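I opened a notebook on this structure and wrote down each thing as I looked it up. The entries follow in the order I made them.

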Amino acid sequence: MQLKIYNSLSGEKELFKPLKEGYVGMYVCGPTVYSNVHLGNVRTFMSFDFIFRTLKYLGYKVRYVRNITDAGHLTDDGNVDNDRFVKQSRLEKLEPMEIVQKYTVDFHKVLEMFNLQPPTIEPTATGHILEQIQLTEKLIKDGFAYESNGSVYFDVLEYNRRGLNYGELSRRNIEELFANTRDLDGQGEKRNPQDFALWKKASPAHIMRWASPWGNGFPGWHLECTVMSTKYLGEEFDIHGGGMDLKFPHHECEIAQGKAGHGHSPVRYWMHANMLTMNGQRMSKSTGNYILPMQLISGENNFFEKVFSPSVVRFCFMQAHYRSVLDISNEAMLAAEKGFVRLMEAVKVLPTLPISEKSSFDLQTWKKTCEEALTDDFNSPILIAQLFEIVKFINLIKDGKETISATDKEMLIATLNTYVFDVLGLEDNQQNAQNNDKLDGVLQMLINMRLEARANKDWALSDKIRDELKALGIQLKDGKDGTSYSLE
């Protein structure tokens with residue numbers, strides 16, 4: 001079947017034609033590692049993990065590049081005190097590169113927990129400073145960039161004067177664009193408010209700095225991805241992905257840098273994963289509607305009534321198309337867990353089913369429908385709906401109401417396992433969640449015993465329970481709403 005991909009650049013589903021038949025080059029913008037990866041990031045990376053898995057299932061040899069942004073960036077006011085890495089290093093009393101290492105490890109740990117496959121190549125921004133300087137020099141030489149007070153900016157108006165179109169991806173009119181609020185503010189250095197930084201001069205207090213022809217400084221965020229994607233995939237490659245929030249300005253700037261630097265658009269198919277909300281609202285630390293991935297898995301939160309296994313979370317995420325907004329809630333997670341258990345039970349019971357001379361279900365048509373879902377812009381919810389059609393069939397065979405031949409049974413076992421484990425990336429780790437429920441019950445019993453001891457003024461027993469749990473890495477926390485626990 002022919003694969004169709006929704007291209008954000010054209011706004012249409014297009015027949016996928018890779019640059020080289022049988023091969024796919026795919027770049028996805030990775031994390032800026034100055035804090036814990038948040039659940040919305042996980043949703044984006046999980047979406048592209050599913051796309052990566054599907055491309056391989058369809059027979060493509062895929063080079064998947066996902067970067068690590070580990071160079072300092074200023075927020076929109078240009079104040080060194082607001083550099084994300086420097087600010088976090090001061091808060092945690094660590095060097096900036098210690099912050100990078102700490103949160104890179106956290107990022108990998110979280111993605112491994114959700115069974116995301118590692119990319120083929122994972123370059124870092126700090127490992128490609130030379131290439132970024134070289135591209136900046138070329139853009140200056142060709143008249144697309146200019147130096148100002150030790151910083152270098154991309155000239156957006158000059159780019160448009162040459163018949164190019166800054167704003168083509170986000171469909172914005174150049175006259176309507178304002179200063180880039182996520183980029184490095186020029187503090188009066190820019191010729192035009194729309195210009196964005198390729199290289200930023202470092203103040204004396206700025207720790208993360210590198211030598212350049214324009215003085216000590218550090219690269220612009222957009223420049224990093226242009227350099228790393230084209231170095232490992234070529235000046236033109238097949239797929240560039242990321243979250244919807246990166247479409248403007250980040251990806252818009254990448255297109256401009258690629259066209260100005262190499263003479264043509266760098267990417268054939270732009271793909272964007274949509275946002276994740278919780279309880280119908282945008283997740284935000286400021287509003288308190290916010291949860292980290294580990295808090296969802298451990299149960300240490302006030303939003304969900306129980307612990308959920310990573311595969312249940314993944315199954316919940318896969319039930320929404322990558323281009324759709326996904327809303328999670330306690331009810332949605334409970335429903336996803338119920339569906340996940342049904343699916344895993346069907347996978348387990350299938351090998352034990354009796355066989356007949358012929359099947360009462362057209363498995364070839366079913367498999368074709370599954371593949372149509374995968375090739376229609378990676379439609380995971382339709383695939384899952386088809387999996388539950390086969391779950392019904394399996395349960396009817398179990399009840400003696402349907403039949404399956406030996407050949408079809410062998411084919412179904414292989415196909416179902418491929419879709420569930422290889423393509424959707426699920427794991428049967430529900431037993432771990434059940435064990436966690438049992439552990440939670442035991443701990444609650446000990447907490448109640450301690451509360452009873454305290455009520456009876458048996459302080460020795462109360463302290464013993466608290467101290468022995470602490471020795472096991474379980475910290476009790478007494479509060480006005482009762483006693484809770486956390487795993488150290």
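This is a predicted model: local features need pLDDT of at least 70, side-chain atom pairs count only at pLDDT 80 or more; totals for chains, interfaces and linings use all residues.

**Entry: aromatic rings.** One aromatic cluster is formed by F144, F154, Y159, Y166, F196 and F248. I then asked how many aromatic pairs there are by this rule. The count comes to 18.

A pair of aromatic rings is described by the distance of the centres and the angle of the planes. For F361 and F393 the centres are 4.6 Å apart and the planes are at 25°. I noted this pair as stacked, since planes under 30 degrees apart count as such.

Where do F361 and F393 sit in the chain? F361 is in the loop between helix 10 (330-349) and helix 11 (363-375), and F393 is in helix 12 (residues 380-398). They are 32 residues apart, so I wrote the pair down as a link between distant parts of the chain.

F361 has a relative accessibility of 26% and counts as partly exposed. F393 is buried, at a relative accessible area of 2%.

**Entry: the whole protein.** I stepped back to the overall figures. The protein has 488 residues, and 52% of them are buried. Its secondary structure comes to 15 helices and 15 strands. Along the principal axes, the C-alpha atoms fill a box of roughly 75 × 70 × 35 Å.

The accessible surface is about 22200 Å², and carbon and sulfur atoms account for 49% of it. For contacts between residues at least 6 apart in sequence, I noted that 73% join residues at least 24 apart.

**Entry: helix 9.** I asked how many residues of helix 9 are buried. The answer is 9 of the 9, so helix 9 is largely enclosed by the rest of the structure. I listed them as P310, S311, V312, V313, R314, F315, C316, F317 and M318.

Entry: Rolling a probe the size of a water molecule over the atoms shows where empty space is left. I searched the whole structure and found 2 cavities of 30 Å³ or more.

The largest cavity holds about 50 Å³ of space. Its lining consists of R43, S47, F50, F317, M318, A320, Y322 and S380. Two of these names, F317 and M318, were already on my list of buried residues in helix 9. Which helices each supply at least two residues of this lining? They are helix 1 (39-57) and helix 9 (310-318). Helix 1 has the largest share, with 3 residues. By class I recorded 5 nonpolar, 2 polar and 1 charged.

The second largest cavity has a volume of about 30 Å³. I wrote down its lining as T226, S229, T230, F237, H240, E254, G258, P266 and V267. Helix 6 (221-233), strand 9 (237-243) and helix 7 (247-262) each give two or more residues to this lining. Helix 6 gives the most, 3 residues. The classes here are 3 nonpolar, 5 polar and 1 charged.

Notes:
Residues are numbered from 1 along each chain as its sequence is written. Side-chain values use heavy atoms; hydrogens and water are left out. On a 1 Å grid over the protein atoms alone, a cavity is a set of points where a 1.4 Å probe fits but cannot get out, and a pocket is an open set with protein on both sides within 12 Å along at least five of seven lines; lining residues have an atom within 4 Å of a point. Grid points are joined across faces, edges and corners, and a volume is the space filled by probe spheres set on the points. Helices (H or I, at least four residues) and strands (E, at least two) are DSSP runs, numbered from the N terminus. Ala, Val, Leu, Ile, Met, Phe, Trp, Tyr, Cys and Pro count as nonpolar, Asp, Glu, Lys and Arg as charged, and the others, Gly among them, as polar. Buried means under 20% relative accessible area, exposed over 50%, partly exposed in between (1.4 Å probe, protein chains only). Contact means heavy atoms within 4.5 Å. Accessible areas come from the Shrake-Rupley method with a 1.4 Å probe; for residues, only the protein chains shown count as cover. Rings of Phe, Tyr and Trp (its six-membered ring) pair if their centres lie within 6.5 Å; planes under 30 degrees apart count as stacked, over 60 as edge-to-face and the rest as tilted.
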